[in-house]
Amino acid sequence: MDNTFDYLKEIIRTYLNDDKLSIRNINIKDLYDLSNSLNVSSIVGYTLKNNNNYQNIFDKSLYKSMNRYTLFSNYKNIISKLFSKNNIRYIYLKGSTLSCYYKEEYLRYSSDLDIVVYKEDFDKALDLIVNDLSFSIKHRSLNEISLNNNKGVDVDLHKQFELDNPAVEDVFKDCFKDNELDINYKYIYLINHEAKHFILGQLSMRFFIDLFYLRKLIDRNLVDNVLDKLNLIKFDNALNHYLDYLLKDIEPNDIDLLLDDYILSYANDFGVNNRVNLSSNKFSYIINRSFPSFKEMSGVFPYLNKYPFLLPWSYLTRIFKTLICKRRKYVFNELSSKNDHKMSVLIDNLGISSYNKSDI
Amino acid sequence: MKINNNYELKFVLDSYILINNLENSNSIIKLNETSKDIFELVANNKNIDEIVSILLDKYDTDKETLIKDVNDFINDMLIKGIFING
């Protein structure tokens, strides 16, 4: 097992359990890069600090996290006032609604502000964000519109919870009463949303920290009833087992080990969301892994939002980083083998092989 | 003189930093203990004389140096638009 990843897991365990961290001889740049790819660099920096082992390389992550938290808190207020004044029915989702559970709210890093709007109000909401708040449309898809402004703030406006999954629509249909999901539905949404990311090759450590905080607060019977309706019980059980393995350093089962590989695989793409159909042929798989979409690349290389013509350069940068990184042998092995069988076994064991792969 | 509402003072690990709450920015302004005190006193509507007087009680320094430090910091904040006159 990768030593850096091993230590990262120990740091996460220390953070979640309030334990004492061992000091290890680890390449700190590797640890920073890995934690950054897995969206937990601010947690790692914070934990190292509390264990008298702080490294200044994490300053940037922590300040960025605080910047994002402050920014989104402010924009939430602005957007809430605007929407309320115009009778828009909306709910905030994901990161901005989860930070309150963390030890310090700013530690829960978010890259954008996610809002789901009642479908009848969507066009009006979009108009308000564009014209009153001077946002521009960056990307359109079936279920959402991504916007940003000239201050570098990103907002994702979602039309409804799931465009083509009636079971999910049914579960969340009454959730527009308040402007945030209650704790049980936050948990259900988290698991459902993670399932969609998972089959596209995405699994970050940050998800498990979210899971840790939410699962302590939910009505387990209520949640299980709903997850059963969504065919997500197996998936939920597997993720919770992995979290237990992470927390207690117990012997992992086969699924836990496959999830370890899955997380590392996501990290090795330098944080690019790996939207690749795992059942595609090897050539398509390699091409799609090597050249992700513009949206994914702009998440990793923000300068692309301002200078989209630099996309070829960003591909070269990413490929170069892969060639020089210490994990390149792992990356190439994984790319060439595709680990078809292992991942198919994993997806089948998690019960989500037929899950909706459509746009998130 | 008052604080521009777009700026907030935050505490991260053991540092005070100023964050622009309207803009995603990679540049962070870190404040030392004295600067943080001056910032908070301005936020509490203290004028320069009052700020100097309060800080003289707190810090073991001579008045001239303190007046210079306070003025330098306030001018810097005015130039950056973090403090606003009026």
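Visitor: What makes S2(B) and strand S3 of chain B a pair?

Guide: In this predicted model, S2(B) and strand S3 (residues 15-20) of chain B are joined by six bridges and run antiparallel; since a pair needs at least two bridges, they qualify. Within the pair, Phe11(B) has Tyr16(B) in S3(B) as its bridge partner, and Val12(B) stands opposite Ser15(B). The two strands form a hairpin with two residues between them, and Leu13(B), in the turn, has a positive phi of about 55 degrees.

Visitor: Why are strand S2 and strand S4 of chain B said to stand at the edges?

Guide: The open sheet in chain B has three strands in the order S2-S3-S4, with antiparallel pairing. Strand S2 (7-12) and strand S4 (29-31) of chain B each have a single partner strand, so one side of each is left without a neighbour in the sheet. From one strand to the next, the twist averages 35 degrees.

Visitor: Why is S3(B) described as largely enclosed by the rest of the structure?

Guide: Buried means under 20% relative accessible area, and five of the six residues of S3(B) are buried, so this strand is largely enclosed by the rest of the structure.

Visitor: Which helices lie against this sheet of chain B?

Guide: Helix H4 (residues 59-85) of chain A lies across S2, S3 and S4 of chain B, running at about 45 degrees to S3(B). Helix H1 (residues 33-43) of chain B also packs on the sheet and touches S2, S3 and S4 of chain B, its direction making about 95 degrees with that of S4(B).

Visitor: How do you know that Glu33(B) and Lys58(B) form a salt bridge?

Guide: The closest N and O atoms of Glu33(B) and Lys58(B) are 4.0 Å apart, and the rule asks for a side-chain nitrogen of Lys or Arg within 4 Å of a carboxyl oxygen of Asp or Glu, so the pair is counted as a salt bridge. Glu33(B) lies in helix H1 of chain B and Lys58(B) in helix H2 (residues 48-58) of chain B, so the pair ties together parts that are 25 residues apart in sequence. Both belong to a network of salt bridges that also links Lys36(B), Asp37(B) and Glu40(B).

Visitor: What makes Glu33(B) partly exposed?

Guide: Its relative accessible area is 40%, and partly exposed covers values between the buried limit of 20% and the exposed limit of 50%, so Glu33(B) falls in that class. Lys58(B), with a relative accessible area of 48%, is partly exposed as well.

Visitor: Where do Lys138(A) and Asp154(A) lie, and are they buried or partly exposed?

Guide: Lys138(A) forms a salt bridge with Asp154(A), the closest N and O atoms being 2.9 Å apart. Lys138(A) lies in strand S3 of chain A and Asp154(A) in strand S5 (residues 154-158) of chain A, so the pair ties together parts that are 16 residues apart in sequence. Because its relative accessible area is 35%, Lys138(A) is partly exposed, whereas Asp154(A), with a value of 12%, is buried.

Visitor: What is the order of the strands in the sheet of chain A?

Guide: The five strands of this open sheet follow the order S1-S2-S5-S4-S3, with mixed pairing. Strand S1 (90-93) and strand S3 (136-140) of chain A stand at the edges, each with a single partner strand, so one side of each is left without a neighbour in the sheet.

Visitor: What makes the group around Ile319(A) a nonpolar patch?

Guide: Phe283(A), Ile287(A), Phe291(A) and Ile319(A) form this patch on the surface, with about 380 Å² of accessible area together. Members need over 30% relative accessible area, and Ile319(A), in helix H15 (residues 311-324) of chain A, has 33%, so this residue passes that limit and counts as partly exposed.

Note on methods: Residues are numbered from 1 along each chain as its sequence is written. Chains are lettered from A and ligands numbered from 1 in the order in which they are written. This is a predicted model: local features need pLDDT of at least 70, side-chain atom pairs count only at pLDDT 80 or more; totals for chains, interfaces and linings use all residues. Side-chain values use heavy atoms; hydrogens and water are left out. Patches are made of residues with over 30% relative accessible area and no salt bridge: like charges are joined within 9 Å, nonpolar side chains (Val, Leu, Ile, Met, Phe, Trp, Tyr) within 5 Å. Accessible areas come from the Shrake-Rupley method with a 1.4 Å probe; for residues, only the protein chains shown count as cover. Helices (H or I, at least four residues) and strands (E, at least two) are DSSP runs, numbered from the N terminus. Buried means under 20% relative accessible area, exposed over 50%, partly exposed in between (1.4 Å probe, protein chains only). Axes are lines fitted to C-alpha atoms, for helices over the stretch in contact, and angles run from 0 to 180 degrees between N-to-C directions. Contact means heavy atoms within 4.5 Å.
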